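Visitor: I would like to go through the labels on this model one at a time. For each, please give the value and the cut-off behind it.

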Amino acid sequence: YPIVIYRRMMEYKIERIKVDCSEFLSKYQNVEKFLPMCRSCHNFGKVYTCPPFGDEIYSVLKNYRSLELFVMRVDASQMIGYEQARDYFDKEMLNLERENGGSLAFFAGSCTICGKGNCSREKGEECRYKELSRLSLEAVGIDVTSALSDYFGVELEWASESETPSTIHLLSALAVDKFVV
């Protein structure tokens, strides 16, 4: 690592680092700070992988010793392929989860499987894609902006109505080395 991947004329760069999960949580998890930010999102309470959750979801990472962080960098001029990059990254995270028994993947951002407004949570039904959907780090109260800066030297550029950032950064994770109870 890092690796550079070329798919359908797009270039993605993925970097990886392994960190102590307990230290990471003590430094970057702040549910009280980030839950109000989630409330302002259109997915809040409408997508199964977005808050609100029960307390057990916010503490799921406490069951692991280590966390492997992965950042994918996508040139914003290729934004027409953002969905392709995200789809590829999510599938890679699921592959890593399968290869590392007892691990748990976290995706970069909200679930996109059903498409906007089509999650079965809004209808009060079970998730149709439990085997494919995963939480994001931000959904469990992680300060992804600070984590990206501290571990990967990334200063996030935020999109506005008039400007697009030069690079899109997607942060995913794999929780590994689960504590045996």
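Guide: Strands here are DSSP runs of E with at least two residues, numbered from the N terminus. Glu15 has its place in such a run, strand β2, residues 10–20. Keep in mind that this is a predicted model.

Visitor: Why does Glu15 count as buried?

Guide: Buried means under 20% relative accessible area. Glu15 has 18% relative accessibility, so the residue counts as buried.

Visitor: What makes the pair of side chains of Glu15 and Arg73 a polar contact?

Guide: A polar contact needs N or O atoms within 3.5 Å, one able to donate a hydrogen and the other to accept it. The two side chains come to 2.7 Å, and the pair is therefore a polar contact.

Visitor: How do you know that the structure holds 0 disulfides?

Guide: A disulfide requires two cysteine sulfur atoms within 2.5 Å. From the sulfur of Cys111, the closest cysteine sulfur is that of Cys114 at 6.1 Å, which is too far for a bond. Cys114 is in no disulfide either, as its nearest cysteine sulfur, in Cys119, is 5.4 Å away. The count for the structure is 0.

Visitor: Why is Cys114 called partly exposed?

Guide: Buried ends at 20% and exposed begins over 50%, with partly exposed in between. Cys114 has 25% relative accessibility and so counts as partly exposed. Asp177, in strand β5 (residues 167–178), is partly exposed as well, because its relative accessible area is 37%. Asp177 has a positive phi of about 60° although it is not a glycine.

Visitor: What about Ser103: buried or exposed?

Guide: Ser103 has 11% relative accessibility, under the 20% cut-off, and therefore counts as buried. Ser103 is in the loop between α4 (82–99) and β4. Its side chain reaches the backbone oxygen of Glu97 at 3.1 Å.

Visitor: Which residues lie nearest the centre of the second largest pocket, and how is its lining divided by class?

Guide: Tyr48, Thr49, Ile57, Ser133 and Leu135 lie nearest the centre, out of 17 lining residues. By class, 11 are nonpolar, 2 polar and 4 charged. Strand β4 (residues 104–106) gives the most to the lining, with 3 residues. The pocket holds about 340 Å³ of space.

Visitor: Where is the cis peptide bond, and what is its omega?

Guide: The bond runs from Pro51 to Pro52, with omega near 5°. Pro52 lies in the loop between α2 (31–39) and α3 (55–58).

Key
Residues are numbered from 1 along each chain as its sequence is written. This is a predicted model: local features need pLDDT of at least 70, side-chain atom pairs count only at pLDDT 80 or more; totals for chains, interfaces and linings use all residues. Side-chain values use heavy atoms; hydrogens and water are left out. On a 1 Å grid over the protein atoms alone, a cavity is a set of points where a 1.4 Å probe fits but cannot get out, and a pocket is an open set with protein on both sides within 12 Å along at least five of seven lines; lining residues have an atom within 4 Å of a point. Grid points are joined across faces, edges and corners, and a volume is the space filled by probe spheres set on the points. Helices (H or I, at least four residues) and strands (E, at least two) are DSSP runs, numbered from the N terminus. Ala, Val, Leu, Ile, Met, Phe, Trp, Tyr, Cys and Pro count as nonpolar, Asp, Glu, Lys and Arg as charged, and the others, Gly among them, as polar. Buried means under 20% relative accessible area, exposed over 50%, partly exposed in between (1.4 Å probe, protein chains only).
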